[in-house]
Structure formats: C-alpha cells, structure tokens
Amino acid sequence: MKDSNGSAAKREELAALAKRIRLHVVEMVHAAGSSHVGTCLSMAELLAVLYGQVLNVDPTRPDWSERDRLIMSKGHGCAGLYAVLAERGFFPIDWLQSFYHDGARLAGHATHHGIPGVEVSTGSLGHGLSLACGMALVGRREERSWRVFALLSDGECDEGSTWEAAMFAPHHKLDNLVAIVDYNKIQSLGTVKEVLDLEPFAAKWRSFGWSAVEVDGHDIIQLRSVLSALPTERGKPTCVIAHTVKGKGVSFMEDKLLWHYRSPDEQEFRQALAELEKSQ
Amino acid sequence: MRSAFFRTLMSLAEEDSRICLVVGDIGFGVVEPFAQRFPTRFVNVGVAEQNMTGVAAGMAMCGKVVFTYSIANFPTLRCLEQIRNDVCYHHADVKVVAVGGGFAYGALGMTHHATEDLAILRSMPGMVVVAPGDPIETELVTGAIVAQAGPCYLRLGRAGEPTVHTSRPEFELGKAIVVREGSDLAMISTGGMLDTAVQVAERIARLGLHARVLSMHTIKPLDRDSVLAAARETGAIFTLEEHSVIGGLGGAVAEVLAESGELRVPFRRIGLPSEFSSRVGSQEYLRACYGLSASAIVDTVRATLISTRTVTA
C-alpha cells in the first residue's frame with residue numbers, strides 16, 4: 001500500500017499513541033504491582049488504531065447514542081484500555097496513577113462504573129461477544145449507523161459462550177459487528193497450542209459464517225487498511241485475527257508466559273521504560 | 001400463569017416499543033403470537049442460554065426492556081454468571097422469566113425441578129425476585145416489573161393454575177397481599193402454593209384456627225412490615241413455598257424474624273428438604289411426597305401449634 005504524506009503522518013501519530021499506551025501500562029502495572037502487562041502490550045497498536053482513527057466516539061459525550069461501541073471482552077487488558085481512553089481525553093491522565101489502588105476508580109478488570117468511555121464491565125472471559133451481538137442486533141434492526149467492536153483474547157476462545165455468540169452473529173447477518181482477537185499465542189498456563197489449540201483458527205470463524213481476515217497486529221498500516229474498510233464482506237460479521245506478540249515492545253517480556261502474571265520490579269521497570277522510550 | 005404472562009406481555013408490548021422477547025428455543029405454542037406481531041423485537045437464540053442472557057443485556061444497554069424466557073433452571077442457573085455480571089452489575093433492564101417453578105415439570109425429572117432458583121437469584125445484588133400466586137397476580141406482576149427499570153427474575157408456574165383472587169387486588173411490588181384475614185397464625189405463601197395455602201386456611205378454620213394468608217409475590221425486596229405485623233398480630237408464622245427451605249421465602253422470612261429481636265413466635269418453613277428428588281411423578285404427586293399437600297400442611301400446622309401452644313390435638 002502506497003503511503004501518502006498525510007497517511008504517513010497519521011501512521012506516525014498512531015505509532016506515537018501506541019508507544020504512550022505502552023508507557024502508561026508499564027507505569028500503571030509497576031505502581032500497582034499487578035499482573036497482565038503482557039496482554040496490554042500485545043494490543044497497543046490495536047487500541048491506537050481503533051481509538052486514534054477507527055471508532056466514531058466523542059470523549060466529550062461518552063454516552064452519545066450514535067457512537068461506535070467497543071467491548072473490551074478481555075477485561076484483564078483494562079490497563080491498556082484505560083490508557084487509551086485517558087489519552088483520548090475521556091478522563092484525566094492522572095487517574096491512571098491510581099490504577100488498582102485502595103479507593104481508586106480504576107479496577108484490575110474493566111469496569112464501567114464512573115469511568116467515561118468504558119462501555120461494559122468485563123473480567124470473566126467469554127461474555128463480551130454476546131453483549132456485542134445484542135447491541136449489534138439492535139443497531140442492525142433499527143438501521144443505526146453505529147458499529148460494535150469486541151476485543152477478545154485468544155484464551156477466551158476456549159469458552160463455549162464465545163462460540164454461542166459466534167454462531168449467532170452470522171445467522172443474524174450482523175455486518176455491523178467486528179470481533180478482533182488479540183492472538184498473542186500465550187494463555188494462562190502455557191501457549192495456546194499446548195493448552196487448547198485454536199488452529200485452524202481463521203477457518204473456524206469462516207466455517208461459522210464470519211468473514212475472517214488475518215493481520216499482523218503490530219503493523220499499523222495493515223490494521224488501518226482492514227479496520228477502515230468494514231465490513232470486509234457485506235452481510236457478514238467480520239473477525240480480525242490479529243497476530244501479536246505478548247509483551248511486545250519490552251525485550252525481556254516478549255513471548256514470555258511469566259509476564260502474564262509478573263509485575264516489573266524497580267530494575268525491570270527502568271529497563272522497560274528505557275526500551276520503550278527508545279522505540280519508534 | 002403462562003397464558004396470563006403472555007397475554008399481558010403482548011398488551012404491554014403494543015404500548016411500549018422498547019419491550020423485546022429473547023427465548024432459548026422454548027415456548028412452542030405460546031411465543032408465536034409475539035414473534036409474529038413484533039418480529040423485530042423477538043429473537044430465538046437457539047439452545048444457548050448464556051448467549052441469550054448476554055444478547056439481552058446488550059440489547060438492554062441500547063435502551064430496550066428485554067424479557068428472556070425458558071423453562072426450569074435453564075434461564076437462571078445455566079447462565080448465572082451472565083445474570084450476575086452482565087445484567088445485575090450493569091443494572092440492565094432484563095427480566096428473566098422461568099416457566100416451571102418447583103415441581104411444575106415434575107415427571108420430567110430432577111434436571112427440570114426448579115427448587116433452588118429463588119435462593120440463588122435472591123442473592124444477586126440489584127435483582128428483584130417475584131413469584132406470583134395465580135394468573136391475576138401474574139398479570140399484575142408483569143405490568144409492575146416493566147414499570148420498574150432494572151433486573152428482575154419472574155418465576156412462573158406452568159399452566160392451568162387456579163385463580164385464587166376473586167377480584168383484582170391492590171398491587172404493589174414488594175408489598176404482600178392479604179388474601180384472607182385471621183388472628184391465630186399467618187401462612188405466608190409464594191408462587192403457586194397460594195391455592196394450597198387458602199385450602200389449608202379453610203380446613204383449619206373448621207378446627208377453630210383462623211389463619212391470615214399472605215401472598216408474598218415479591219421475595220425481594222421482602223415486605224418486612226407485613227411479616228412483622230403478622231408475627232405480632234397472629235403469634236405464629238408458617239412459610240409455604242415449592243422450593244428448598246434453604247434461602248427462599250422461608251429463609252428470607254427467618255432473617256426478618258431473627259433480626260427483629262423482640263419477636264419470638266412459633267415459626268416453621270414449609271418447603272422442600274435440601275435434596276434432589278429422584279421420584280417420578282406429577283407436580284401434585286411430588287408435592288404430596290414432600291409434605292406440601294393441603295392435608296399434610298394442616299397436620300404440620302397443628303403439630304407445630306400443639307407443641308408450642310395450648311391447642312388440643
């Protein structure tokens with residue numbers, strides 16, 4: 001794809017947003033002593049492209065009825081979501097400092113209570129796609145212009161409820177619905193391949209009736225190209241399988257199961273910040 | 001009750017375009033009129049109760065009043081976490097409707113006995129729990145839960161329950177209906193046991209015991225004032241439910257009485273023991289097996305009062 005000057009500038013802007021998301025996430029998780037840094041880092045470009053370009057949302061009117069809806073079905077990735085919402089101005093950036101702390105607003109799984117921009121509370125896996133289906137069904141039947149995006153983890157595709165919803169959406173021709181899977185290949189106790197292999201993953205979605213596309217989830221040009229031309233097939237919901245690297249952007253976290261759980265200590269934190277600051 | 005529910009739902013839906021019905025492939029012969037009249041407000045999700053509840057919550061978040069519908073434990077226990085997280089935590093306007101409370105589907109076996117639902121749903125924050133006593137109450141309850149935004153669990157019997165009320169009673173969610181006055185004891189009934197409660201009251205009246213009969217159509221929020229007034233004014237409380245004695249109406253009333261402090265009255269929870277029934281039989285048969293027939297309840301009431309008061313055997 002040829003990148004015009006304007007497009008190149010946008011790409012740089014989105015890359016910078018992804019970088020800021022990563023920096024926020026590492027700071028939040030370090031200050032909180034919390035888990036799930038790897039899953040936030042793997043979806044930084046996804047969040048940057050969605051909130052920086054694709055989603056029709058208005059930070060000054062988070063409940064605007066015609067907005068696009070994003071359901072963070074992988075609720076354990078909430079630090080990334082909070083970071084991008086703060087960057088987009090849904091709430092003050094200094095709220096991020098109190099993530100996970102006693103008496104704070106921002107809980108360790110996505111919570112909508114008092115947090116502008118968070119559509120729904122999640123944390124138990126396998127709930128988000130059904131919620132998204134309900135919203136998309138209303139949107140489609142009432143011929144509304146808004147769309148619904150559900151951001152899923154690979155691990156939550158083990159949940160039967162995810163596949164109940166996966167059958168529902170094509171049956172009702174919900175082409176205003178987009179499921180994005182952050183396919184970072186590592187779940188709670190091992191690799192996806194070891195624990196419960198999802199492959200052939202794209203073929204599964206296609207066989208359920210979805211239009212499935214596979215992208216490099218860290219390639220902003222590819223993400224922009226796919227997510228700005230939805231639905232990929234008229235009359236079908238779109239599934240974007242984003243191949244990503246867990247812990248992306250911090251050398252010692254990349255592709256390591258440990259960083260599903262571990263919170264960086266002081267030295268690791270400094271190294272992570274240094275690496276991220278140096279990145280493009 | 002099922003017919004009264006659907007008749008009322010149809011009539012409410014004519015007036016209120018927010019009302020939608022989402023079913024889990026259940027309701028042959030009863031859901032079709034709604035589906036035909038309001039095709040864009042009806043969805044059959046298939047045999048997928050988790051998705052049914054999640055879809056309903058998503059629709060409610062877009063401004064709809066959504067009824068989910070199935071039988072026995074399928075719309076409740078099968079998708080309990082969706083009810084807890086997606087419906088209750090978001091205060092979504094979803095009304096969970098189960099047909100077949102208690103032993104209504106008796107002969108279909110243990111999987112179809114809804115005998116812990118009230119206890120479990122009652123423990124969900126923000127959930128209103130209702131179990132109307134007859135078709136008239138069903139109509140009144142259905143209107144009331146649409147008028148009050150937020151999560152609700154509506155437990156229905158099946159079909160063919162007798163109409164107990166001779167006229168339309170004054171109705172308010174969370175306020176018990178006095179079906180019969182009496183000062184010697186109070187029988188507090190929920191759901192389809194109301195007819196039996198009235199029969200028991202009639203029989204013991206012949207023995208000189210006058211029972212107040214309360215229809216506690218709303219289990220949560222519980223009408224604390226009516227319970228305490230009944231305890232003070234009649235001096236004995238019996239709860240009656242086609243449900244485990246753990247955590248349902250009996251449990252809720254016990255909590256009120258125990259915490260009231262000054263009231264020490266004879267009290268008995270009449271319901272099902274905490275066990276699975278592997279007996280085979282109709283609702284009437286199974287009720288009788290577990291001491292829920294009118295004659296068995298008369299005996300329980302007499303025995304309790306004999307042991308605690310000077311009632312002659």
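How many helices and strands does the secondary structure of chain B come to? In this predicted model, chain B has 11 helices and 12 strands. Its radius of gyration is 19 Å, close to the 20 Å that the globule rule gives for 313 residues, so chain B is as compact as a globular protein of that length. Along the principal axes, the C-alpha atoms of chain B fill a box of roughly 65 × 40 × 35 Å.

Next comes the inside of the chain. Of the 313 residues of chain B, 55% count as buried. Take the contacts in chain B between residues at least 6 apart in sequence. Of these, 77% join residues at least 24 apart.

Ala144(B) sits in helix α6 of chain B, which covers residues 135-147. Is Ala144(B) buried or exposed? Ala144(B) is buried, because 20 other C-beta atoms lie within 10 Å, and a residue counts as buried at 20 or more. Setting aside neighbours within four places in sequence, Ala144(B) is in contact with Phe171(B) and Leu173(B). Phe171(B) is 27 residues from Ala144(B) in sequence. In space, the two are 8.6 Å apart, C-alpha to C-alpha.

Now turn to the partner chain. Here 21 residues of chain B are in contact with 17 residues of chain A. On the chain B side, the elements that give two or more residues are α3 (49-60) and α4 (80-88). Helix α3(B) gives the most, with eight residues. What kinds of residues make up the side of chain B that touches chain A? They divide into 10 nonpolar, eight polar and three charged.

Notes: Residues are numbered from 1 along each chain as its sequence is written. Chains are lettered from A and ligands numbered from 1 in the order in which they are written. This is a predicted model: local features need pLDDT of at least 70, side-chain atom pairs count only at pLDDT 80 or more; totals for chains, interfaces and linings use all residues. Two residues are in contact if their C-beta atoms, placed from the backbone, lie within 7 Å. Helices (H or I, at least four residues) and strands (E, at least two) are DSSP runs, numbered from the N terminus. Ala, Val, Leu, Ile, Met, Phe, Trp, Tyr, Cys and Pro count as nonpolar, Asp, Glu, Lys and Arg as charged, and the others, Gly among them, as polar. A residue is buried if 20 or more other C-beta atoms lie within 10 Å of its own, exposed if 12 or fewer, and partly exposed in between; C-beta atoms are placed from the backbone. The radius of gyration is taken over C-alpha atoms; the globule rule is 2.2 Å times the number of residues to the power 0.38.
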